[in-house]
Amino acid sequence: MKDITKIKVQGLLDEKWKDWFDGLDIIHEGKNTILTGNIKDEASLHGILNMIRDLNLKLISVTKLIGLLVLISISSLVSAQQKFTVSGHVSCAETGEALIGSTIYVEELQTGTITNLYGFYSITLPEGTYSLLYSYIGYQDEIIQVDLKENKIFNFELNPAPIEMDEVVIRSEAADKNIQEAEMSIVKISPKNIKAIPVIFGEQDIIKTLQLLPGVNAGSEGSSGFYVRGGGADQNLIILDEAPVYSASHLLGFFSVFNSDAVKDLELYKGNAPASYGGRLSSVLDIQMKDGNSKRFSTSGGIGLLSSRLTIEAPIVKDNGSFIISGRRTYADMFLKLSSDPLKKNTKLYFYDLNAKANYKLNEKNRIFLSGYFGNDAFKFDDFFSTDWGNKTGTLRWNHVFGNKLFLNSSLIFSNYEYEIGYNVSGSMINISSGIRDWNLKEDFQYFINTKNTLKFGVNSIYHTFSPGEIESEDEDYFNSTFLSKKHAFESAAYISHSVDLSNRFKMTYGLRYSNFTSVGPDTVYSYNDNDEIIDVETFSKGEVVNTYGILEPRITLNFIVDRQSSIKASYARNAQYLHLLSNSSTALPTDLWISSSKIVKPQIADQIALGYFRNFKDNMFETSVEIYYKKLQNQIDYQNGAEIIMNKKVESQLVFGDGRAYGTELFIKKRTGKLTGWVGYTLSKTERSIDEIDDGDWYPAKHDRTHDISIVTMYQLNEKWNLSASWVYNTGIAVTFPSGKYQIEGNTVPAYTNRNGYRMPDYHRLDVGATYTIKKRKRFESSLNFSVYNIYGHRNPYSISFRENENDPTRTEAVRLSLFQMVPAVTYNFKF
Amino acid sequence: MKTILSLFSFIFLLVSCEDVIEIDLDSVEPKLVIEGCINDLDDPCTIKLSKTGDYFEPGIYPIVSDALVTITDENGIETEFEESEPGTYTSESLEVEELGSYTLHIQSEGEDYMAEGVVPHKVFIDSLSYDIPPLFYEFEEGYMLTCYLQDPAEYRNYYRLIVYKKGEPKSSDGMMYIFNDDFMNGNMIFMSWESDPLFPQDTVVVELQTLDKSTYDYYFTLNSLAGGMFGASNPSNPETNLSNDALGYFGAYTVSRDTIVILPN
C-alpha cells in the first residue's frame, strides 16, 4: 500500500517522537499534531494507534487517501469503545424560545451538530470526557464538561449577549456556518436582526428584506411578491409553521401577511431545498412562528401610521408550555370615516392578521404545538362593490423522541384560502367566490446516527379541494347563479435525505423525493379542439382516479472545505409543482386562481444546478460568496390573448404551455459584526420563456427578467440611542410589451404590438433611509421610535407605462408613466415589556 | 374585472402621480389594416384598408388603394367592392341575410387576405328607459339610458350597444359596450349607457348589435389588452379572424335600432 495516511491527535507532539511512530512525519496544525506518511499494513497502523493510546494522546481523526472501506475498517478499529448520546433542547434563557440552528461543538473532536427546527439536538460520541460548547448568534457561549459514560439529556438555556457599544463581538462557531454546512443558495433571517432596515410606511416586513438579497427580485413597486432565480411568484412555497400559505400578500401586495412580531426565524432555499420540501419550483420560504415566552408574561407592540401591532406572550406552565397571540390591523379606513362624503364614509379598507400559537411539553420526549394564522383583507366601496379575501391556517404538531437519536415530528395541517367579490349590478348583489382548501398530514423523521451522519426521511399527503368559482346572485331573473364544480386531489410525497461528512473537508447531503399527484372524482373533464371548443366530456364518480402523475426528484449538495475560511459547493435539484396560479394581471389581485394539474395542465418541472465559492475574511467578520446557477423549466404556463380566468369552466382551454430557462450569477458581501453592518448583493441574470403560441416559439424574456440587480444595505450603530440605516436598490427595468406601431379602428387609435416583452421599463432605483431612537432600555421595558423615508430622492420609478391619445390632439400619441411612492415618510413607535 | 381594477385604482390615487415621458420605440414595417363589417341594414357595406404607422408619428395612416375586395356568400355568389373613395371599398348590391356566412377576400400589393363571418341570429331591443344615475357614476347631472332585451336561451349571444344623440356622430366609446349572455342566458338583460349624460329634449338613437363570436372576441381583446391604468399583464394585438397577419377585423352583425326622446320630469 503506497497510500498516505494522516493521523490527527490533540496537543503538540515533539519531532523526536518520529522514530516511535514508524518514521511518520510530524506536523503541527494549530494545537494539534498530524502524523502523516506511508504505513505498511494494517498491523503497523494498529501498532501506531496503540502507541497513541498508550501515550494518552487524544485521537481526533485517521484519514487514508484511499476508498471508504479502509476508512471504515480503521474507524471501527479505533472506536472499539462504546458510544453514547447527548441530546436535548436548546432555548433562550429569557424567553424560553427554542433556538433553531444553534451549534453544539465538541472541542476535543472538532466536530458538532446543530439544533433542528424545534431546537432539538442529538450527538453520539465514544465514551470519554468532552467539553461541549453551546453557541448561537447573538447569545453568550456556554461550555460544559461531560464525562460520557451513559446517554445524557442536556436541555440548555443560552443568555442573550449584552450589546456593548464598542465591540459587538459574538464569538461563535456558528459564525462560519456558511463555510461549514453542506447547503448553499440559502438565506436565513431572524426578524430581530433586520429591524433597522428601512421599509415603506415603516411596516417591517420580512419579505421586503428578502427582496434585498441576491437572486431574489421584488415584484412591482412596493410589492411583497418575490421572484427567485427567474421563477414565477407562484413558484415559491411559503410555509408558516409547516402550513402552506397560498396568498402571501395584503392590499394589492403592498404588505406581506407575515407579522414580524410573531416570526422567530425564516429560511429561504433558492431552488435546492432538501428533499423534505417539495411542491414548488423555485424556492421554499420556511417561516417559524415564535413559541411564546415560557418564562414570564410579556407584551410588545407598535403603533404606526397605517397599522398597529400587539403581541402577548405568556407561560401556560412555567418552562413547560407557553402561548403567543399576535395581531395587526391597518386603519386607513378610519380616516375615511371622518370624511363628510357619504361615499368615502361607507368605504371599508383594511386588513388584519392574527397569529396564535401554544406549545406544551408533556415530558422530555413529547411536545405538542398548536398554531394558527388568520388573515383577512376587506375592501368595501359603499354598497356598490366589496371584496373579502384571506388565509386561514392551522397546524397541530407533536414532537416525539424515540430513544435519543430519532426525532419525529407529526403534523396535521389545515390551510384555506378564499376570496369573495360582491358587485352591485343594477341594484342587486352578485357574489363571486373561489378558493382552495388543504388537509395535510406529515411525518418527518430525523435520525442523528453519529457526528458524521444524519438521516431525514418522511412521508406527507395533502388532500386539496379546489373551488374554482361560484356566483351567487340575488336576482336570478337578471343574473344567473352559477357553480363550477369542486375539484379534489391528493398530493403525496415520500423522501429520504442523508447528510454525511465524508471527511473533515468533504461534506455531502443527498436525497430523493418521490412526489405523486392524483386527481380524484367527482369530476367532469373536457377535451378541446384547436378552436377551444369542447369535443369530449368525461365524467368521473366520487373517489375515481381522474389522472395521476409521479415524479422522482433527486437532490444533492456537495461541500468541499478548502480551509477554515473558504469552501466550494455544488448542488443539483429537481423540483415538481402540481398547483398553478393563474393571474391575468400585473398586480397581485385576490382573484388570482389556483388550479391543479390535469390531463391538459402538466406538472411543472425545474432542474437547477448551482456552483458556489464561499469565503470569510477577518475572523468571519466578512462573509462573501459567488454563486452561479442554471435552471431549466418545463411545462410553464402562459395565457392565450384575452384569456378569461374568472368563472370559466373552460379555463384550461385558455392556457398555453412551453419551456423556460434561467441562469445567472450572484455576488454577496456581508459585514456581520462591528458598528457598521450590512451587505452588498449583485445579481446578473437572464430569464426566458419559449412557448409555441407566442412569437412562434422564439425565446422571449420573462416579465421578471432583470439583467442587473443591486442592493446595498447598511446599518450603523451611532451610539446607544441612535441606530441609522440605509438601503439602495437598483435593477434593470422589467421586460414589457410596448407598441411599435398604431392604426385606427372606428376612429380609435389602436396600438400595434410586435414581440412579447420586447421592451424594457426604465431602470428602477431608489434609496430608503431610516433611524431608530431607543427611548428607554431597561431590563423589563424597552421602547423606541423608528423614522424612515422611502425613496428619499423621489425618483419616479414607473409602476406602469401606458399609451394614449393626446387629449388636445388625438392624432398624437404619448407614453404616460404612473409612479407611486416618492418620498414616503413614516414613523412607528415600538414597545416591549 | 374592469370594475375591480378601476375601484382599486382609487387607492392608488392617494399616492400616485402621472406624467408624460419620452420613450424610444422601434420603427415598424407598415402592415395592412382591414376594417370591415357587414350587417343586415340597408346601408351600403364598406371595407376600409389602411396601414399602420410608427407609434409616435402623428396621425399618419397611409390608405391602401387599388386592392381587389370581394365578398362571397355561402352559395358561392361573389360580390366585388368598388373603391368609392381612396381606401374605402363599397358595395350597394351585397345582400346580407341573418345566419348567412360570408367570406371576405382581399388582394393587395401581391398579398392575399381572407376572413369569414357569420351573421348571427337577430335580437331586438325590447324597451328603453332613462333614470338618474347612482352616486358614483362619471356624470352627476342628466340621465342615464338603459336598454332592455330578451335574450334567447337557445343561442350563445354577443351584443354591442351604441347610443348617440340624433344628428351627432357616434361616440368612439362604443367599443366598450360589449357583453355576452354567459351568466344571463335566457334572461331579460339590461345594459346602461354610462358614457354620456342625456338631458331633456335630447333625441337619442339606440343601436343594439348582435355580433358574431369573432367580432366580439376582437372587441373584447381590444379592450382588455390595450392597457389601462394597471396595464394588461401581456398586451398584444386583439384576436382577429383575418389571415396573413393583417390587423383589424371582418365583422358580421345584425342591428336593432330605436329612438327615445328624453322628457323633462
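In this predicted model, Ser326 of chain A stands opposite Asn355(A), which belongs to strand E25(A). Local features are given where pLDDT is at least 70 and side-chain atom pairs count only at pLDDT 80 or more, while totals for chains, interfaces and linings use all residues. Residues are numbered from 1 along each chain as its sequence is written, and chains are lettered from A and ligands numbered from 1 in the order in which they are written.

- Strand E24 (residues 321-330) and strand E25 (residues 347-363) of chain A run antiparallel and are joined by 9 bridges; two strands pair if DSSP finds at least two bridges between them.
- Strands (E, at least two residues) and helices (H or I, at least four) are DSSP runs, numbered from the N terminus.
- On to the next strand, E25(A) is joined by 16 bridges to strand E26 (residues 366-381) of chain A, and these two also run antiparallel.
- E25(A) and E26(A) form a hairpin with 2 residues between them, and Leu354(A) stands opposite Phe374(A) in E26(A).

**The sheet around E6 and E7 of chain A**

- Strand E6 (residues 103-106) and strand E7 (residues 111-114) of chain A run antiparallel, with 4 bridges joining them.
- Facing residues in this pair include Ile104(A), which stands opposite Thr113(A) in E7(A), and Thr103(A), which stands opposite Ile114(A) in E7(A).
- The hairpin of E6(A) and E7(A) has 4 residues between the strands, and in it Gln110(A) takes a positive phi near 50 degrees.
- An open sheet of 4 strands, with antiparallel pairing, has the order E7-E6-E9-E10 in chain A.
- E7 and strand E10 (142-148) of chain A stand at the edges of this sheet, and because each has a single partner strand, one side of each is left without a neighbour in the sheet.
- Neighbouring strands of this sheet are turned by 25 degrees against each other on average, direction ignored, where the axes are lines fitted to C-alpha atoms.

**Chain A as a whole**

- The secondary structure of chain A comes to 6 helices and 55 strands.
- Chain A is divided into domain 1 (4-78) and domain 2 (287-832), with bounds that come from an automatic or database domain assignment.
- The centres of domain 1 and domain 2 of chain A, taken over C-alpha atoms, are separated by 53 Å.

**Lys31 of chain B**

- Lys31(B) is found in the loop between strand E1 (16-21) and strand E2 (32-39) of chain B.
- Lys31(B) counts as partly exposed because it has 18 C-beta neighbours inside 10 Å.
- Lys31(B) and Lys51(B) are 20 residues apart in sequence, and their C-alpha atoms are 5.3 Å apart in space.

Definitions and conventions
A residue is buried if 20 or more other C-beta atoms lie within 10 Å of its own, exposed if 12 or fewer, and partly exposed in between; C-beta atoms are placed from the backbone. Axes are lines fitted to C-alpha atoms, for helices over the stretch in contact, and angles run from 0 to 180 degrees between N-to-C directions.
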